[in-house]
Amino acid sequence: MNVAQCTLDGQYYLANDFATLPAKELAEKRAALICTECLNPAFFTKKSRNGRGASFGAKPHVLGCGLASKEAEEVEGALFEVVDPLINSGHE
């Protein structure tokens, strides 16, 4: 997500603008972010060293939220591979 709302001040922030806030203000507001569409709690990720820009995400978005990433929809409920259990009979 490129935008999130802070519940402390009611402001909508673009990720790049949020990243430029003074450290103390950023830390305070970081814990008060919500998705602007589904209103679920959100988080902020700084720009990474590998070139990925600053962004927001939700944890998790409400099912059907238009701001949820496609990857989140594809892996929802599929974080772990389902594998048949191994049975150890004690014999080789």
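Is Asp9 buried, partly exposed or exposed, and what is its relative accessibility? Asp9 counts as partly exposed because its relative accessibility is 31%; buried means under 20% relative accessible area, exposed over 50%, and partly exposed in between (1.4 Å probe, protein chains only).

## Basis of the description

This is a predicted model, in which local features need pLDDT of at least 70 and side-chain atom pairs count only at pLDDT 80 or more, while totals for chains, interfaces and linings use all residues. Residues are numbered from 1 along each chain as its sequence is written, and side-chain values use heavy atoms, with hydrogens and water left out.

Helices (H or I, at least four residues) and strands (E, at least two) are DSSP runs, numbered from the N terminus.

## Salt bridges around Lys29

The structure holds two salt bridges, a salt bridge being a side-chain nitrogen of Lys or Arg within 4 Å of a carboxyl oxygen of Asp or Glu. One of them joins Asp9 to Lys29, with the closest N and O atoms 2.7 Å apart. Asp9 sits in the loop between E1 and strand E2 (12-14) and Lys29 in helix H2, so this pair links distant parts of the chain, 20 residues apart. In the other, the side chains of Lys29 and Glu25 meet at 2.6 Å, N to O. Lys29 and Glu25 are separated by about one helical turn because they are four residues apart in helix H2. Lys29 is buried, with a relative accessible area of 11%, whereas Glu25 is partly exposed at 26%.

## Other contacts of Lys29

The side chain of Lys29 also makes a polar contact of 2.7 Å with the side chain of Tyr13. A polar contact is a pair of N or O atoms within 3.5 Å; within protein, one must be able to donate a hydrogen and the other to accept it, and residues adjacent in sequence count only if both atoms are side-chain atoms. The side chains of Lys29 and Asp9 are likewise joined by a polar contact of 2.7 Å.

Contact means heavy atoms within 4.5 Å. Leaving aside neighbours within four places in sequence, Lys29 is in contact with Cys6, Leu8, Asp9, Tyr13, Phe18 and Leu21. With residues up to four places away in sequence not counted, Tyr13 touches Asn2, Val3, Ala4, Cys6, Phe18, Leu21, Glu25, Lys29 and Phe56.

## Aromatic pairs

The structure holds four aromatic pairs. Rings of Phe, Tyr and Trp (its six-membered ring) pair if their centres lie within 6.5 Å; planes under 30 degrees apart count as stacked, over 60 as edge-to-face and the rest as tilted. Phe18 and Phe56 form an edge-to-face pair, 5.5 Å centre to centre with 65° between the planes. Phe18 lies in helix H1 (residues 15-18) and Phe56 in strand E5 (residues 55-58), so the pair ties together parts that are 38 residues apart in sequence. Phe18 counts as buried at 0% relative accessibility, and Phe56 is buried with a relative accessible area of 3%.

Phe44 and Phe56 form a tilted pair, 5.5 Å centre to centre with 55° between the planes. This pair links distant parts of the chain, with Phe44 in strand E4 (residues 42-45) and Phe56 in strand E5, twelve residues apart. Phe44 is buried, as is Phe56. Ring pairs link Tyr13, Phe18, Phe44 and Phe56 into a cluster.

## Nonpolar core

The largest nonpolar core has 13 residues, and those with the most contacts inside it are Tyr13, Phe18, Leu33, Phe44 and Phe56. A nonpolar core is a set of buried Ala, Val, Leu, Ile, Met, Phe, Trp, Tyr and Cys residues joined through side-chain atoms within 4.5 Å. Strand E1 (3-6), H1 and E4 each supply at least two residues of this core.

## Strand pairing

Two strands pair if DSSP finds at least two bridges between them. E4 and E5 run antiparallel and are joined by four bridges; the bridge partner of Phe44 in E5 is Phe56. Ser55 and Gly57 point one way from E5, Phe56 and Ala58 point the other way, and all are buried.

Three strands form an open sheet in the order E2-E1-E3, with antiparallel pairing. The edge strands are E2 and strand E3 (33-34), each of which pairs on one side only. E1 and E3 pair in the antiparallel sense over two bridges, and Gln5 stands opposite Ile34 in E3.
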